[in-house]
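Keep the structure open as you read.

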Amino acid sequence: MSATTAGWIVLLSPLVGCLLIALFGRALPLKAVGALGTLAILVSFVAGVLAFVDLQDRDEEARQLVSVGWDYAVTAGIDAKLAILVDPLSVLMVLVVAGVSTLIHLYSTAYMVSDQGYARFFAYLNFFVFSMLLLVLAANFFLLIVGWAFVGAASYLLISFWYRRTTATSAGIKAFVINVVGDIGLVLGTYFIFKHSGTLDFLGTFEGVKEDFARNDGDLVAGCILLLVGAFAKSAQIPLHTWLPDAMEGPTPVSALIHAATMVTAGVYLICRMHPLFEQAPAAADVAAVVGCVTLVVAGTIGLVVTDLKRVIAYSTMSQIGYMVMAAGAGAYFAGMFHLMTHAFFKALLFMAAGSVISAMAGTQDLDKMGGFRKAMPFTYGCFVIGGLALAGVPPFSGFFSKDEILLMVGDRGGWFWALYVAGYLAALLTAVYTWRMIFRAFHGEPVAEAKELEGGHLHHAEVHTNPATGEVEDTEVGFPGSEHHIAEQRVPMKLAMGVLAVLAVVGGFLQVPWTTHALESFLHPAFHDSALFERHPSDGLITFGLVLGAAMGLLGIFIAYRIWVVNPAIAVRARERFAPLHRLFVNKWYFDEAIDLLVVRPVAWIGRFGQQTFERVVVNATLVGGTSGLVRAGSAAVRAVQSGFLRAYAGLLLVGVAVVALYFLLQAS
């Protein structure tokens, strides 16, 4: 099978799965719905493997294949085609997206089984994966924008899946609005680039970029900055990040899907895919590197104080995506993609393990109410430890190699990139501290009542179902979470999915080990053959120093967390009191929500009220509508006044009219 045929199958399979479940899901047994949804994504993954094999059989210069399914519009200089680009970059994304999504679907077949919206959930999941695959396989800006918008719509559907829960619908709307801002940026950025290139096709645009644009050309920089707006919105980078923690209102498999394999990685992929443009506009690339660095540090500080289990992992996603965006901005493309891949493994694992704990707590997500689950949930604990070691960057777990690859490449740029290098290692220390704070608080210490109940062989169920964020009483009908709770210790599909991810989180980093293997770099080379930055290699001294420093940061962070939250918890209390202003800053998430509310939401709301209450009432109704209707009324009154009904009066008016016309023509003739 050719790589392009496999590419079309990758796209069609989840789309067909989505349609079948949407049309016939209610009539099918639950097991059939779950199996159909999972099988659809598994077929995509297998097709992705076939595309990978076909590419490997080709010469390196022949590994960028374009297939056109339909010419939507090729006229007036616009070449909008339904076309896919199959190359190493898109195939890597397909393997990561479809592979991890298959495991998340498998996990969901057990985790969501008691939910009244089971079929709807799998239809949405399939649509989400289809949208993401459309985005990564697009061969032109036209299809990229379509996939980009579909991903935003699918995220809204999934985040607000429990649509009778007010906090979920609010979170869905927030994610949708911020993503629409990103969509606008992407469309406008495309316009700036298309204006000069005259084509929507990626390869055509990249081929002529040096002829179409001077280095740091104003239009190109503006176009790339606008593309970054789209990337920052999708990948939750400052200041367009506030939707991501709130997105935890969706079911846990949704969190795993958004954070690990799909939506938040779209921005990183976009920058890497557009690398010829960013290398011709380095001013825009620098913006990406700086924003990614700022995001990873800010998110790390918030992760230190958040007490919601899923939100701790959410802020770690923001932080890790910051590493990737920084790498893409600094020209370390394969390092960014490497971390994207390993992050998908351990982040999906952590979310799945968190879902297991939350189910054991009957929906409670507050770390302050957890503790001592280590013996009650040994499998989940083991998965958390593996995911935590990978996230903390402890060797030889996957996150260690991928994160350090980024920092090595950033440090190799020299100059002001050294500041990013230092900040990256500082963020690595923060990552290890907040990750293991979460693990120690949930699994160590005195067991809570739910943990003791589980140790005794009984899974805790709440007497009254409530919203964990607000405490509002809820039922378990459609639109709310289901009545039962499912944990990995008792459910084979959940255990299988988490087990596979745990193995990948351990071994995934061995694809790219300094001085030993360069499998990923070699595979991605054809997609970046035109890059001036791709071939850089750090010195042996920098590599040695970086690896030692990275390992030290990870281990030191775990030691600090152990001292504070296991050995002597009073340290945390004293630190909170001594650094109260800093603690308030972190607890309030650096006041980004308040700043956006003050600078954007309130002015826009004021403009809306002004438009409705003043402009519409005074200008539109009173002046335009009222003035026009007044003229009509006056004219009507005048016409009614001359309609007397007497023939002599009409004859008199006719004579006057004829006299006026005759006088006009006499004057014109004189």
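Predicted model: local features only at pLDDT ≥ 70, side-chain atom pairs only at ≥ 80, totals over all residues.

Residues are numbered from 1 along each chain as its sequence is written, and side-chain values use heavy atoms, with hydrogens and water left out.

Start with the rings. Rings of Phe, Tyr and Trp (its six-membered ring) pair if their centres lie within 6.5 Å; planes under 30 degrees apart are stacked, over 60 edge-to-face and the rest tilted. By that rule there are 28 aromatic pairs. Take Tyr124 and Phe161, an edge-to-face pair with 6.2 Å between centres and 90° between planes. Tyr124 belongs to helix H4 (residues 118-137) and Phe161 to the loop between helix H5 (141-159) and helix H6 (166-197), so their pairing ties together parts 37 residues apart in sequence. Helices here are DSSP runs (H or I, at least four residues), numbered from the N terminus. Phe161 is buried, at a relative accessible area of 0%; buried means under 20%, exposed over 50% and partly exposed in between (1.4 Å probe, protein chains only). Ring pairs also link Tyr118, Phe121, Phe122, Tyr124, Phe161 and Trp162 into a cluster.

For a stacked pair, look at Trp606 and Phe610: 5.5 Å centre to centre, with 10° between the planes. Both sit in helix H26 (residues 592-642), 4 residues apart, or about one turn. An α-helix has 3.6 residues a turn, so residues three or four places apart point the same way. Phe610 is partly exposed, at 38%.

Now over to helix H11 (residues 252-261), where 10 of its 10 residues are buried. They pack against H4, H5, helix H3 (88-111), helix H10 (243-246), helix H15 (309-329) and helix H16 (333-360).

Finally, find Asp115 in the loop between H3 and H4. What is the nearest side chain of opposite charge to this residue? That would be Arg120, 5.4 Å away, and Asp115 is buried yet has no salt bridge (a side-chain nitrogen of Lys or Arg within 4 Å of a carboxyl oxygen of Asp or Glu). Lys and Arg count as positive, Asp and Glu as negative, with His and the chain ends not counted. The backbone nitrogen of Gly117 does lie 2.9 Å from a polar atom of the Asp115 side chain. Leaving aside neighbours within four places in sequence, Asp115 is in contact (heavy atoms within 4.5 Å) with Phe161, Trp162, Phe480, Pro481 and Gly482.

Key:
Helix = DSSP H or I, 4+ residues; strand = E, 2+ residues; numbered from the N terminus. Polar contact = N/O pair within 3.5 Å; in protein donor to acceptor, adjacent residues only side chain to side chain.
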